[in-house]
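Look over the sequence and the 3D structure shown here.

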Amino acid sequence: MKLLKKIRSIYLIDVFLNLKGNPRACIWLEPLWGIPYNLYVPYVALFQAALGMSPSDIGIVTSIFYASQAVASVLSGVVTDKLGRRKTTLIFDTLSWSVPTFLWMCATNKYWFMAAALFNGLWRITDNSWGLLLIEDADSDKIVHMYSLTSVMGLIAAFVAPMSALAVNRFGVTDTMRVLYGVTCLSMTAKFVILYFWSTETTVGVRRMALTKNKSIFVSLYECKDVFLRIIREKRMVLTLGIMAAFSLVNALSADYFGLYLKRELLIDESYMALFTMVKSIVRLVCMFLLARVINADRFLRPMTVAWSMFILGQATLLVNPGGALGIPLAFVQVVFEAVALSILYPMTSSILFINADKEERARINGLIFATIALVTAVFPALIGLLADVNLAVPFYAIIVVYVIAIVLTFQINRLPERKENV
């Protein structure tokens, strides 16, 4: 009994056990998405390379992915208001994850990845609708912690990650990835269907569906221009956009080139990728539980600045890594730095937009912000991919520059007057 009381006293566990309604449905089902996703992600670049793709090919696929996101993001707000949070999430989760994972499973060359990127970019629609399903009827002071929990649900994969490493060692990257993609397709699809039947439409969602019932999507899209003008006139929203764009771009660059850099430049065996992922996940889990009470979207300057700085130090460690006997230990140092940074950055960047956006216009505001981020960042992966063909260190120098800019933006937004409660 004492042990149970101690476990319940841990803040994030207490939040998790007391979830109700849509937050419970969204978060409790997240392992069906997060676990398989975190199992295959470490090997994506290696799988692409095994199929003959160059760093520039990988960059082009990522740019297509961002371009698809841009289009999907523009549509996401009006579609979410028109169809409702639940139905939008079911339809576009299936299109943006079930379809791409099937294509990746069958892939034989870069064209499969290009086609999959077009579908995968539709996740921006469901990112909007799912986020609203999660937070609209929830307590405002729990939003950041709910995003921490969604991350925790995926990081559970750390404890089964060695299985993928063993599979890679025995069957190779290509065969292992095809199986992982197949399992992911089935698991994610099951999650999407169960979530639809377990959840209910949000209060704001019901109102927005009624308001847009007799209004065409084209009219709603046209009206978005006024919403966009309001966004770019508000300094807080512009700075928020910059911070989110920085985080989005860095995540893409890190995912695309980390494994390749370790294998080709530092000569670290690919079987270590799962071990690095396991360590990163465990460190993130521990930090999320330890830091849960101090991470607050209203007091973000110090934690976010520390997180940006740790990420920069991690990339610097990777770049000065001499390989040889010190290669693997220093790579682990980089992984730990990045893990601590992500434990802070993921929940805060995920919640900052939902908190700052107008309550009744969240769907359209979020969609337009996501579209702008995708458009702003779309050209960079292809450009950096071309440079990476010459030197694989380029993406990591780019990460450092982007996060230095993010630190400046964080200080700028902190100087603005305190926001009004908007949830």
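Which residue takes a positive phi just after α6? The residue is Gly84, with a phi of about 95°.

This is a predicted model, in which local features need pLDDT of at least 70 and side-chain atom pairs count only at pLDDT 80 or more, while totals for chains, interfaces and linings use all residues. Residues are numbered from 1 along each chain as its sequence is written, and side-chain values use heavy atoms, leaving out hydrogens and water.

**Helix α6**

Helices are DSSP runs of H or I with at least four residues, numbered from the N terminus. Helix α6 covers residues 55-83, which is 29 residues. The expected span is 1.5 Å times one less than the number of residues. Of the 29 residues of α6, 21 are buried. Buried means under 20% relative accessible area, exposed over 50%, and partly exposed in between, with a 1.4 Å probe and protein chains only.

**Ser129**

Ser129 is in helix α9, residues 123-135. Its side chain reaches the backbone oxygen of Thr126 at 3.3 Å. Leaving aside residues up to four places away in sequence, Ser129 touches Thr80, Arg85, Thr88 and Thr89, where contact means heavy atoms within 4.5 Å.

**Accessibility of selected residues**

| Residue | Relative accessible area | Class |
|---|---|---|
| Ser129 | 0% | buried |
| Cys26 | 0% | buried |
| Cys185 | 16% | buried |
| Trp33 | 17% | buried |
| Tyr37 | 26% | partly exposed |

**Cysteines**

The structure holds zero disulfides, a disulfide being a pair of cysteine sulfur atoms within 2.5 Å.

**Aromatic rings**

The whole structure has 18 aromatic pairs. In the pair of Trp33 and Tyr37, the ring centres are 4.6 Å apart and the planes are at 15°, so the pair is stacked. Rings of Phe, Tyr and Trp (its six-membered ring) pair if their centres lie within 6.5 Å; planes under 30 degrees apart count as stacked, over 60 as edge-to-face and the rest as tilted. Trp33 and Tyr37 lie four residues apart in helix α4 (residues 31-40), about one turn of the helix. Both belong to one aromatic cluster, which also includes Tyr40, Phe47, Trp97, Trp104, Phe113 and Tyr181.

Methods
Helix = DSSP H or I, 4+ residues; strand = E, 2+ residues; numbered from the N terminus. Polar contact = N/O pair within 3.5 Å; in protein donor to acceptor, adjacent residues only side chain to side chain.
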